[in-house]
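This report is an introduction for a reader new to the structure below.

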Amino acid sequence: MITRKTRWLLAEWTESSENKARRLCEELGVPPLVGKLLVQRGYEDITSASRFLNGGMEDLHDPYLLLGMDAAVNRIRSALEQGEKVRIYGDYDADGVSSTSLLCHAFQTLGLDYDYYIPHRALEGYGLNNAAIQLAADQGVTLIVTVDTGISAYEEVEYAKTCGVDIVVTDHHEPPERIPHAAAVVNPKQEQCPYPFKGLAGVGVAFKLATALLERPPMEWTDIVSLGTVADLMPLKDENRIFVRSGLERMRLEPSIGFRALAEAAGLELEGITSTGIAFGMAPRINAAGRLDHAKRAVELLTAADYDSAILGAIGLDSLNKERQRIVDEMVKEADMQWLGKRGAAEAAGTEEPSVILVAGVGWNVGVIGIVASKLLERYYKPVVVLGIDAESGMSKGSARSIEGFDLHAALTACESLLDHYGGHQAAAGMSLHRDKLDDLEERLSSLAKTWLSEEDWIPRSLIDLRSSLQDATLETISQLALLEPFGVGNPSPRLLFEGTRVADRRAIGKESKHLKMSLGSGRTGLDVIGFGMGVMSGTLEPGCLIDLIGELSINEWNGQRKPQLMLQDLHYERELPDVFPAREQFGAVYQQLRKISRAQERGLAEKLAALCSLTVPSVRLMLDVFEELGFIEIGGGTVNVAVSPVKRELSSSSRYQAALSRYQGASGANSPA
């Protein structure tokens with residue numbers, strides 16, 4: 001038996017949905033699967049579906065719908081006319097770097113006297129600060145234009161006025177109650193802003209400012225917009241979808257010097273670049289500059305005028321990223337050991353382990369603690385807080401990541417008496433506090449998690465778009481799924497459910513047989529499946545068995561051949577029920593045979609035991625499943641090992657035993673076995 005690792009949540013599909021999908025297929029000429037996915041994602045009529053599939057520059061919104069755009073444009077044009085010195089003030093993440101780079105291009109095109117400034121992550125921290133404003137004033141700057149920051153900088157804007165510096169704020173973060181009294185504030189999330197799309201990244205807002213200043217959409221810079229939008233996990237809907245589609249096309253056909261160099265250093269082929277390539281190939285290298293050195297190195301790359309300097313810059317960022325990976329790997333190992341130690345201590349004391357993972361280390365790099373938190377969450381599926389402790393002051397700076405159902409911002413608000421500073425949202429947050437309060441914070445957060453989360457919340461969810469069949473998995477259909485790209489937040493790669501699918505063949509592949517390769521069905525309806533890290537399942541699955549599985553369709557190209565392929569994410573397999581449910585004595589007889597054998601290859605063992613004990617193979621396979629759950633045997637790497645001194649447990653305490661018995665009774669109407 002192989003039990004699904006996640007909760008499968010299949011999106012609703014009705015007769016009305018079917019009719020709408022059929023209409024889209026007829027009108028737009030798309031395959032049935034694409035039509036269904038369009039409906040499932042909310043594009044139910046011809047107009048919205050066509051705009052989603054084909055939207056371009058003509059579908060962008062008027063930048064002057066953004067509250068404050070008039071004032072921003074007027075102030076910047078006044079600076080141009082008066083010959084004022086202007087400074088772009090950005091942020092050190094990939095969105096901030098992209099926003100800064102885009103305005104550099106725009107201001108250069110306009111002929112402004114400008115430069116840019118990004119605060120140092122470790123030395124200055126996030127956002128506007130008075131020292132940087134004073135420096136700007138001392139250097140003759142009279143106008144600062146912020147990008148991807150500034151919406152919360154009320155005091156700093158007031159300070160700038162005393163220095164004779166005007167501030168134009170462009171940002172996309174949630175506005176606080178008190179908005180800065182700046183020369184202009186442009187943010188689609190302002191309460192009174194009528195802009196129809198609220199999901200712009202910081203670089204998207206900068207693009208709208210550039211559009212208003214240049215009196216045209218500068219589509220030649222959508223490569224930069226796509227980088228910031230994807231890296232900042234913005235929803236790939238509405239304008240963001242247009243930006244990223246256009247940006248990817250530009251990278252493929254007319255890549256800028258900076259992106260050519262970045263792709264070469266990252267080992268990416270720009271001809272086939274996708275949003276995934278941006279997210280996992282480009283963005284980490286851009287972010288590495290701000291995490292380990294200074295973000296200006298990334299801006300220099302994206303604004304480079306010659307390839308020689310660009311490739312040197314890109315190689316430097318690639319080296320920083322490798323160092324970042326090394327630091328993260330080390331910190332994850334240390335954090336994991338710390339967490340396992342806490343679990344072991346709780347077990348030894350006979351108490352529950354903490355419901356929230358809180359780990360902290362002296363000297364841990366605060367530039368990467370968010371990445372470490374994400375990796376621990378992925379491993380354990382618990383809310384995670386990772387903190388770096390300053391050895392001298394004892395202050396801890398932390399980053400947190402959460403699971404569905406546990407609102408981090410609300411939880412930190414409930415613990416605010418322990419915190420010096422905190423901020424964030426449901427899924428991610430940051431905080432600072434003294435190390436002496438860490439135990440109290442762990443205790444309070446764990447208590448809140450126990451109260452707020454149900455038993456079901458501790459199991460990760462898999463959202464499934466549609467039920468599908470092997471007949472849908474054709475090269476033509478999979479190729480046309482590309483119409484739905486780019487995939488990402490708000491428009492994920494389609495996840496499909498295949499039920500009752502017959503396994504034609506299966507085997508473990510790769511180094512140490514870590515991965516699973518299967519063939520489903522046969523002939524024209526056959527489908528190859530690859531499951532990374534699932535090689536151990538090959539010993540349990542049998543040719544001809546029926547399984548349920550979820551995954552994403554793709555095309556595997558090898559030696560000039562193209563074949564449909566499913567990237568497996570989860571599966572569920574229940575063995576064939578025995579004709580007669582085995583009695584306890586029969587369980588005992590098989591277990592005694594196992595103890596005599598002690599260790600055996602998994603393949604063929606059920607058949608051998610069935611012959612020895614005069615039982616059917618399905619009966620023995622059920623017993624092996626139950627024995628494994630009860631700890632009587634261990635199954636792994638294709639081998640079965642019998643526990644030397646297992647804890648005595650009743651068969652009825654096994655959930656697998658109870659589930660199989662329930663299925664058997666439901667199918668046959670029989671009573672419990674003797």
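## Domains

Domain bounds here are taken from an automatic or database domain assignment. The model is predicted. For the protein chain, the assignment gives domain 1 (21–58), domain 2 (63–318), domain 3 (356–452), domain 4 (462–572) and domain 5 (584–670). Between the C-alpha centres of domain 2 and domain 3 the distance is 29 Å.

## The cavity

A search of the whole structure turns up one cavity of 30 Å³ or more. The volume of the largest cavity is about 120 Å³. Its lining is made up of Met1, Glu574, Arg575, Glu576, Leu577, Pro578, Leu622, Asp625, Arg656, Ala659, Ala660 and Arg663. Sorted by class, the lining has six nonpolar and six charged residues, and no polar ones.

Two helices, α21 (617–630) and α22 (655–668), each supply at least two residues of this lining. The largest share, four residues, comes from α22.

## Helix α21

Of the 14 residues of α21, 11 are buried, so the helix is largely enclosed by the rest of the structure. The buried residues are Pro618, Ser619, Val620, Arg621, Leu622, Met623, Leu624, Asp625, Val626, Phe627 and Leu630. Leu622 and Asp625 are also among the residues that line the largest cavity. After α21 comes Gly631, which has a positive phi, near 85 degrees.

Methods: Residues are numbered from 1 along each chain as its sequence is written. This is a predicted model: local features need pLDDT of at least 70, side-chain atom pairs count only at pLDDT 80 or more; totals for chains, interfaces and linings use all residues. Side-chain values use heavy atoms; hydrogens and water are left out. On a 1 Å grid over the protein atoms alone, a cavity is a set of points where a 1.4 Å probe fits but cannot get out, and a pocket is an open set with protein on both sides within 12 Å along at least five of seven lines; lining residues have an atom within 4 Å of a point. Grid points are joined across faces, edges and corners, and a volume is the space filled by probe spheres set on the points. Ala, Val, Leu, Ile, Met, Phe, Trp, Tyr, Cys and Pro count as nonpolar, Asp, Glu, Lys and Arg as charged, and the others, Gly among them, as polar. Buried means under 20% relative accessible area, exposed over 50%, partly exposed in between (1.4 Å probe, protein chains only).
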